[in-house]
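The structure comes first, followed by the points grouped by topic.

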Amino acid sequence: MPRQNYIFTSESVSEGHPDKVCDRISDAVLDAFLAEDPHARVACETFATTDRVVIGGEVRGPGAVIKRVEEIARDCVRDIGYEQEGFHWANLKVDSYLHAQSADIAQGVDADGNKDEGAGDQGIMFGYACNETPELMPAPILFAHAILRRLAEARKSGAEPALGPDAKSQLTVRYENGKPVGITSVVLSTQHTDPALTSDDVRAIVEPHIRDVLPEGWLLPETEWWVNPTGKFVIGGPDGDAGLTGRKIIVDTYGGAAPHGGGAFSGKDPTKVDRSAAYAARYLAKNVVAAGLAERCCLQLSYAIGVAKPLSIYVDTYGTGEVDETRIERAVNEVMNLTPRGIREHLSLNRPIFQRTAAYGHFGRAPEPDGGFSWEKTDLVDALKAAV
């Protein structure tokens, strides 16, 4: 039986965190290609440091987009809110080194004759869901994201002009009988624009917002608060610490509550199973839990480069399943085509919907009318019940 009483911690980072600035730019470049050509191939990486953004990778798509890369990067940095000495959207230098996709990779991925489109690489991908929140996400990561999203909204609206774009949150949650019941500590480090502000001043600004997004009764008198514990935090973003695409894979997924295959998401078009199969695994795991087949579900998929069908499907319900895991494994393979093409078509992934995923998590978000976060739908519940 899984442990029922324990303490667990997850962290999140804001859209202004150096790594998230890079994720945002990489996904914005991807969206620009997909807006022009839904079948474009993109593997875009971004590096950021003091007044410098460097973009590189492999693409296959409209050449006009490559000419707009500098503009795309500046627009991202401006929207995030960087207008500080050392990292300003108008002053930073942007270097682009995007080039054509490798022909050796393309021959394995492209469909040809009787050969279906293959996976863009080998690898393992995990999806996870649990019934401890309405979003079927682990509570620590869900609410760590919620705190930073709320602070970003307050900063951008002008309600909290003292806050800067760069921030990190961390929540330690106490579980009883397998369910979250309270928070033992809150950690928040946020950039601020006024050097005279103390840690206590910053806490006075952020605490009302934090209390507003957390479940009632979870913050207790004994909850420890650590707000800007090192003191002043004025120099932030890529000027304070270099950023790189793909370094926040645990923040992007389940906050450490579930396994991770190791592949990053941002900047990769949906032929890359690192991204699309991880979305499919979350989609299936969420539908398993939504169908009442388990209280918790972890689902693994594996692929080989150039091969269409997954090599394996593995399900673990941590002893909470209503049916045997092997029946769920067979069922998910019946209700969804898990080839790269099948995933993209089922979830409608060949659209410019990825820039919005670059901060505050790829999972636990509401499906959107234009197809964004389609992997969060629970429209397979009836099919799964029938299949098992």
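Helix α8 passes helix α10 in a left-handed crossing. The model is predicted, and the values below are computed from it.

**Helix packing**

- Helix α8 spans residues 273-290 and helix α10 spans residues 340-347; their axes come within 10 Å and cross at roughly 60 degrees.
- On the α8 side, the contact is made by V273, S276, A277, Y279, A280 and Y283.
- On the α10 side, P340, I343, H346 and L347 make the contact.

- Strands β2 (residues 41-49) and β3 (residues 52-60) run antiparallel and are joined by 9 bridges.
- The two strands form a hairpin with 2 residues between them.
- In the turn, D51 has a positive phi of about 50 degrees.
- T49 stands opposite R52 in β3.
- Strand β3 also pairs with strand β6 (residues 93-100), here in the parallel sense and over 8 bridges.
- Within that pairing, G57 has L98 of β6 as its bridge partner.

**The four-stranded sheet**

- An open sheet of 4 strands has the order β1-β8-β9-β10, and its pairing is mixed.
- Its edge strands are β1 (6-13) and β10 (219-227), each of which pairs on one side only.
- On average, neighbouring strands of this sheet are turned by 20 degrees against each other, with direction ignored.
- Strand β1 and strand β8 (residues 163-176) pair in the antiparallel sense over 8 bridges.
- T9 has T172 of β8 as its bridge partner.

**Cysteines**

- How many disulfides does a search of the whole structure find? The search finds 0.
- C130 is in no disulfide, and the nearest cysteine sulfur, that of C297, is 11 Å away.
- C130 is buried, because its relative accessible area of 1% is under the 20% limit.
- For C298, the closest cysteine sulfur is in C297, at 7.1 Å, which is too far for a bond because a disulfide requires the sulfur atoms to be within 2.5 Å.
- C298 is likewise buried, with a relative accessible area of 3%.

Key:
Residues are numbered from 1 along each chain as its sequence is written. This is a predicted model: local features need pLDDT of at least 70, side-chain atom pairs count only at pLDDT 80 or more; totals for chains, interfaces and linings use all residues. Side-chain values use heavy atoms; hydrogens and water are left out. Buried means under 20% relative accessible area, exposed over 50%, partly exposed in between (1.4 Å probe, protein chains only). Two strands pair if DSSP finds at least two bridges between them. Axes are lines fitted to C-alpha atoms, for helices over the stretch in contact, and angles run from 0 to 180 degrees between N-to-C directions. A crossing is left-handed if the near helix is turned anticlockwise from the far one by less than a right angle, and right-handed if clockwise. Contact means heavy atoms within 4.5 Å.
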